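Open your viewer and get the selection tool ready. We will walk through a pair of packed helices and then a handful of charged side chains.

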Amino acid sequence: MKFNDGFWLLKHDVKAYYGLQVTQVKTGSDGVLLQVATRPIRYRGDTLGGPVLNVKVYSPTQGVIGVRIDHFKHSDELPAIPLFPDVPPIPDVSLHKSETATILSTAGLTAEITENPYTITFKDSRRTLTAAGWKHQGVFDVPYKWTTGTAANSSCLALDPSSNPHPAHPPESVRYVHSELNISPGELIYGLGEQFGAFVKNGQAVSVWNRDGGTSSEQAYKCVPFYITNRNYGVFINHPGEVEVEVGSEKVSRVGVSVAAESLEYFFIYGDKPLDILERYTRMTGRPALLPSWTFGLWLSTSFLTSYSGETVAGFLQGMQDRNCPVRVFHLDCFWMKQYEWCSFTFDPDNFPDPEAYLSDIKRKFNVKICVWINPYISQLSPIFEEGVKGGYFIKRTDGSPWQWDLWQPGLAILDVTNPEACQWYTKKLSALLDIGVDTFKTDFGERIPHANIKYYDGSDPMRMHNTYAVAYNELVFRLLEKRFGRGEAVVFARASAAGGQRFPVHWGGDCESTFEAMAEALRGALSLTLSGFGFASHDIGGFEGHPPPEIYQRWVAFGLFSSHSRLHGSSSYRVPWQYGEDAAKSMSKLLDTKHRLMPYIYTHAVNAHVNGHPLPRAMFLEFLDDRTTHCLDRQYMLGPSLLVAPVFVPQEEETEYYIPAGRWTSLFHPQHTILGPAWVHEKVPLDEIPVWVRPNSVLCLGAAGKGRPDYTLNRDVEIHLYEYAEGIESTVALCPTSGMVVDRCPRRKVVRWNYTIQRLIGGTTLGNAIGVEVSKGWQEVMIEF
């Protein structure tokens with residue numbers, strides 16, 4: 001929210017009450033409680049009237065300092081973002097008072113609070129990181145006319161007569177709580193969920209409010225009130241509803257954060273390295289669940305508006321098998337149900353007269369898992385609609401009738417996820433599908449959730465539920481799958497999410513066009529998402545809208561198979577490779593086999609995402625913070641700590657461009673080829689390749705070629721490849737045998753150097769030397785000749 005007219009003036013009729021002076025400090029076990037006056041206090045009479053801010057500055061866990069600003073205090077509203085849902089906090093705070101400040105310290109981070117003027121300065125041992133200076137916090141009363149452009153107020157959910165037929169009379173003014181932190185010269189801001197615009201957020205106004213706007217707009221499906229900087233800290237705004245973030249877009253050297261509420265809380269999260277920040281953030285909001293290894297294989301969809309006939313599906317799966325492009329998950333999109341009836345959770349009898357036999361047949365013939373499309377919306381023409389109405393299972397208008405509109409499905413209503421009976425009813429429908437052979441669900445939609453003149457079963461605030469809904473919906477389905485198949489064997493394929501939603505993977509990037517530009521949008525969205533606590537990211541290979549030219553299709557296949565999760569999906573056209581030429585199928589076969597071979601590496605780092613919150617796809621600066629060239633790179637990424645991936649976004653006759661950080665890097669596909677960085681690379685890349693470079697001092701454990709699947713025993717019969725290993729370096733590599741395992745029993749193998757000179761190690765080859773592999777008790781000690 002922008003409150004100012006320029007830097008000095010407020011907008012017309014905006015009233016600001018800035019926190020100016022601390023009048024009382026109370027010390028507690030985890031921090032301090034401040035009374036902050038919004039007027040100068042010169043004598044007793046100045047204490048009469050006017051807002052007083054109650055500000056709590058405290059440390060909930062190691063390396064984190066929270067700031068909570070309350071105006072009118074009352075009981076906590078529902079819903080709230082669950083904190084520490086998986087692992088407990090680590091208390092670690094000390095307090096002391098100097099002549100000029102009250103100081104909180106935790107794990108290398110300090111907050112220095114001055115009383116007059118009231119400021120909070122965040123420091124580490126080396127420097128000031130940022131500060132909330134004088135007049136950086138306050139309460140604002142804003143005329144309604146200045147708020148009509150907010151994401152919530154300008155939404156079709158608020159303005160469409162079907163959604164909101166009797167809009168409430170707008171208030172004269174809206175109360176906001178606002179806080180700012182300085183942006184230092186050279187400081188860059190990232191994250192805020194899956195944002196498809198410019199990767200670096202400086203200069204942007206971002207609304208943390210989920211919307212269904214595709215990948216080519218400023219809207220986003222997965223908005224998260226967390227940003228991370230290149231200056232050793234991140235900020236998590238602990239508010240589940242609409243959060244308006246001005247990243248140098250109102251005051252150019254400040255990040256301003258506003259909520260239309262009486263309270264605002266944020267957590268300042270410190271880390272020596274960017275991954276430490278994500279580790280602490282995901283300790284607070286949750287870490288990705290452990291995924292089954294089969295999810296990392298190739299997913300093939302029917303596409304959306306195409307034929308789903310048994311003959312077509314069998315032909316596609318057989319064609320993929322014949323071309324050595326084995327599908328591991330087959331997805332049936334919306335039209336597995338009758339048109340106009342989404343969702344009925346019943347296979348269309350005209351196309352699937354015996355769905356159980358049909359699913360059993362393709363699972364047996366093609367060794368695939370089955371995924372079907374669902375959403376939380378129930379069409380008025382669905383045979384189960386009346387059940388939902390009679391049971392009170394839908395979100396209601398304030399008059400008690402079900403909320404309905406016609407966008408997407410006729411007269412659709414929406415499951416009330418706060419109603420336990422409604423959730424039981426919904427999951428019972430899904431359980432019946434699991435009984436006949438379905439293995440997982442694509443949990444689509446969940447962004448267009450009404451917030452105007454509606455009510456929830458448990459009394460949750462509709463504004464706070466709007467973003468939270470997607471997390472609750474995905475958790476509902478994920479927990480059902482986990483209950484049925486066991487821990488480590490559940491997965492959803494979700495589009496919408498919010499803070500904490502990373503606990504229920506996987507998420508894909510939504511509806512994109514079939515262009516190089518949209519492919520770049522998908523990557524920017526994925527990198528922003530994995531900088532916001534999510535461990536995995538996927539996208540529609542080839543693009544969703546339109547029919548990609550063969551060249552774009554092949555480039556996107558390469559990008560997709562070097563993403564954490566790989567799905568072929570389109571709207572009105574198929575994405576099987578021979579539709580784009582047999583050369584496309586040959587390229588896919590080669591790249592898919594490479595991904596299967598990389599599974600010991602990929603799955604190890606998927607476990608790391610679950611245990612530590614470190615994402616699998618990583619923005620370059622996460623690994624190379626000291627190299628400032630990496631800070632703006634958004635067309636390449638690291639897949640885990642060792643593989644640099646540079647998708648190609650240009651026609652074949654043009655040179656692609658990417659950056660190699662310091663050290664001697666080795667081509668994954670051509671190990672005789674090395675590059676000494678730092679260097680910019682300009683090269684023409686064949687259509688059947690993608691630049692993938694192995695970081696120096698890396699150990700890659702590879703499975704055998706031709707496995708034909710990702711879910712094999714990942715710690716047996718592996719090739720251990722060392723790349724540009726420096727003398728004296730030791731590495732410990734965790735090799736996880738399979739999915740669904742207990743993580744702390746993952747056997748660890750130590751790769752060590754023998755006491756003689758190893759001249760050179762490139763891509764698993766060396767000149768007349770051997771590598772010793774030391775394994776844990778119970779495993780055979782081996783010598784591997786390269």
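A crossing of two helices is called left-handed if the near helix is turned anticlockwise from the far one by less than a right angle, and right-handed if clockwise. Before using that, note that this is a predicted model, in which local features need pLDDT of at least 70 and side-chain atom pairs count only at pLDDT 80 or more, while totals for chains, interfaces and linings use all residues. Residues are numbered from 1 along each chain as its sequence is written, and side-chain values use heavy atoms, with hydrogens and water left out.

**Stop 1: two helices**

Select residues 516-530, helix 8, together with residues 550-561, helix 9. Helices here are DSSP runs (H or I, at least four residues) and strands likewise (E, at least two), numbered from the N terminus. The crossing of helix 8 and helix 9 is right-handed. Their axes lie 10 Å apart at an angle of about 15°, which makes helix 8 roughly parallel to helix 9 (angles under 35 degrees count as such). The axes are lines fitted to C-alpha atoms over the stretch in contact, and angles run from 0 to 180 degrees between N-to-C directions.

Now show the side chains in contact (heavy atoms within 4.5 Å). Helix 8 brings Phe516, Ala518, Met519, Ala522 and Leu523, and helix 9 brings Glu551, Ile552, Arg555, Trp556 and Phe559.

**Stop 2: salt bridges**

Next, look for salt bridges (a side-chain nitrogen of Lys or Arg within 4 Å of a carboxyl oxygen of Asp or Glu); the structure holds 38.

Select Lys363 and Asp439, whose N and O atoms are 3.0 Å apart in a salt bridge. Lys363 sits in helix 4 and Asp439 in the loop between helix 6 (420-435) and strand 28 (440-443), so the pair ties together parts 76 residues apart in sequence. Is Asp439 buried or exposed? At 10% relative accessibility, Asp439 is buried, whereas Lys363, at 25%, is partly exposed. (Buried means under 20% relative accessible area, exposed over 50%, partly exposed in between, with a 1.4 Å probe and protein chains only.)

Move on to Lys338 and Asp350, a salt bridge with its closest N and O atoms 2.9 Å apart. Asp350 is exposed at 59%, and Lys338 is partly exposed at 27%.

**Stop 3: a network**

Finally, select Asp212, Asp444, Glu447, Arg448, Arg495 and Asp511, which salt bridges link into a network.

Conventions: Parallel < 35°, antiparallel > 145°, perpendicular 65-115°, else oblique.
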